[in-house]
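Here's a quick walk through a few spots in this protein. Have the structure open while you read.

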Amino acid sequence: MKIAMVGTGYVGLVSGVCFSDFGHDVICVDKNPKKVEMLRAGEVPIYEPGLDALMAKNVEAGRLSFTDDLAAAVDGAEAVFIAVGTPTRRGDGHADLTYVMAAAEEIARALTGYAVVVTKSTVPVGTNRQVKQVIARANPQADFDVASNPEFLREGAAIDDFMRPDRIVVGVQNDRAAEVMAEIYRPLYLRDFPILTTDLESAEMIKYAANAFLATKITFINEIAALCERTGADVKLVSQGMGLDGRIGNKFLHAGPGYGGSCFPKDTQALARIGQEHGLPMQITETVIKVNAEMRRRMVEKVTDMLDGRLAGKTIAVLGVTFKPNTDDMREAPSLTVIPALIGAGARVRAVDPQGHREASELLPGVHWFDDAYKAAQNADAVVILTEWNEFRALDLKRLARRMAFPALADLRNIYSSRDARRAGFQRYVSVGRADYLGDATDQDDQASGQETSDSL
């Protein structure tokens with residue numbers, strides 16, 4: 001099939017590359033000529049493991065190309081995907097549909113035969129019906145259907161998620177559109193991956209409901225972690241005990257500085273706004289948003305308390321600034337709250353991140369950047385682990401402590417334990433949801449140090 005993918009951001013580029021690997025002929029469209037030239041030269045503008053090799057493979061096979069000419073890409077296409085940004089609108093928290101509607105109008109003028117116009121972007125309930133109206137007004141003679149096909153890709157594991165999905169959700173209005181969508185996803189259907197066909201509104205709601213539920217799990221365990229610190233319980237053991245219940249599951253039950261990224265913050269705010277517009281406030285989701293913001297401030301307090309309430313003049317090495325490992329995405333990252341607060345209190349901040357430096361350097365002025373955790377820790381007064389990159393999971397803690405002016409570790413991803421820190425020579429150690437007494441080795445420390453440390457969120 002011939003497919004046009006409008007938008008080469010994270011969702012559009014990954015989806016376009018993967019569709020081409022299914023054997024479809026895919027043309028990816030972007031309005032930015034420089035970005036198109038970069039893609040044609042084989043350069044990937046985002047960091048996603050394995051994407052560069054898969055893109056090169058399909059370009060070489062002649063199944064994947066890039067253009068800034070939307071009309072040429074849409075001409076003869078059997079499916080046109082809209083994969084443009086839907087950022088949070090300033091002032092009201094709603095998803096900004098400006099780019100979606102502009103793309104729909106431009107697609108309408110370019111249609112030359114029957115096509116299914118598929119919204120891949122995350123959009124509020126009712127958007128696909130609006131897209132249909134926009135296309136019909138712009139081109140009354142157009143022969144088309146609309147479909148909703150929300151994405152469920154985890155940054156850092158997007159290719160595997162696309163090729164081995166938990167489910168594919170397709171919202172349509174008739175059998176004709178359903179048949180086109182079934183043909184697009186035929187390689188996955190043949191391998192028995194579940195494809196759920198729904199109406200338009202249900203498909204749109206599934207995306208928001210799923211992300212809000214996952215954000216709720218993260219926020220719930222973070223609240224439990226705070227209570228564990230007051231009561232002497234160990235949140236890692238509590239999470240393990242909860243996760244063994246098949247009704248709950250062990251995913252997204254890892255305490256830390258809260259959720260971030262391109263989806264959860266934006267989608268929870270949009271869902272809350274949708275509820276308000278329909279006179280039915282999403283009270284749980286609204287509380288999740290509030291508590292998540294509080295968790296970030298709580299992380300700053302942990303670092304401050306660890307240094308006896310005095311940050312002025314202190315040198316702090318922060319390990320990891322992206323919102324999660326295996327991505328360069330800085331959107332809504334906890335570091336964007338924590339690091340400015342440290343600098344605002346008078347601390348000198350050094351930062352290390354395998355992929356986040358390029359974007360973060362503009363978002364975090366005043367930070368001194370290093371490419372090595374041990375160099376960043378030289379003569380530092382504290383080390384703070386904010387993102388659980390693999391590089392930070394197996395640090396030589398003794399070497400780290402020896403380099404520091406004052407060996408203090410704020411492990412905000414619970415990678416290590418107080419027992420690990422004590423043996424390495426750290427005088428202060430704090431984590432999230434655990435009792436951190438360096439003077440006493442406890443059975444809980446022994447158990448916690450061997451557990452899995454984190455899900456990719």
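## How α1 and α3 cross

In this predicted model, helices α1 and α3 make a left-handed crossing. Helix α1 covers residues 10-21 and α3 covers residues 51-60. Their axes sit 9 Å apart, and the packing angle is about 50 degrees. Angles of 65 to 115 degrees would be roughly perpendicular and those under 35 degrees roughly parallel, so this pair of helices ends up oblique.

Which residues of α1 and α3 meet? On the α1 side, they are Leu13, Val14, Val17, Cys18, Ser20 and Asp21. Their partners in α3 are Leu51, Leu54, Met55, Lys57 and Asn58. By type, the residues of this contact split into 7 nonpolar, 2 polar and 2 charged.

If you're wondering about disulfides, a search through the whole structure turns up 0 of them. Take Cys263: how far is its sulfur from the closest cysteine sulfur? The gap is 16 Å, and the cysteine at the other end is Cys18. A disulfide needs the two sulfur atoms within 2.5 Å, so Cys263 is too far from Cys18 for a bond. Cys18 is also one of the α1 residues that meet α3.

Is Cys263 buried or exposed? The cut-off for buried is under 20% relative accessible area, and Cys263 comes in at 18%, so it counts as buried. Cys228 is buried too, with a relative accessibility of 4%.

## Ala72 in helix α4

Next up is Ala72, which belongs to helix α4, residues 70-74. Its relative accessibility is 42%.

## Two asparagines with positive phi

Two loop residues have backbone angles to look at. Asn379 isn't a glycine, yet its phi is positive, at about 60 degrees. You'll find Asn379 in the loop that links α16 (373-376) to β12 (382-385).

Asn414 is another non-glycine residue with a positive phi, this one near 55 degrees. Where does Asn414 sit? Look in the loop between β13 (408-411) and α18 (418-424). Even though it's in a loop, Asn414 has a relative accessible area of 2%, so it counts as buried.

Definitions and conventions. Residues are numbered from 1 along each chain as its sequence is written. This is a predicted model: local features need pLDDT of at least 70, side-chain atom pairs count only at pLDDT 80 or more; totals for chains, interfaces and linings use all residues. Side-chain values use heavy atoms; hydrogens and water are left out. Axes are lines fitted to C-alpha atoms, for helices over the stretch in contact, and angles run from 0 to 180 degrees between N-to-C directions. Helices (H or I, at least four residues) and strands (E, at least two) are DSSP runs, numbered from the N terminus. Angles under 35 degrees count as roughly parallel, over 145 as roughly antiparallel, 65 to 115 as roughly perpendicular and the rest as oblique. A crossing is left-handed if the near helix is turned anticlockwise from the far one by less than a right angle, and right-handed if clockwise. Contact means heavy atoms within 4.5 Å. Ala, Val, Leu, Ile, Met, Phe, Trp, Tyr, Cys and Pro count as nonpolar, Asp, Glu, Lys and Arg as charged, and the others, Gly among them, as polar. Buried means under 20% relative accessible area, exposed over 50%, partly exposed in between (1.4 Å probe, protein chains only).
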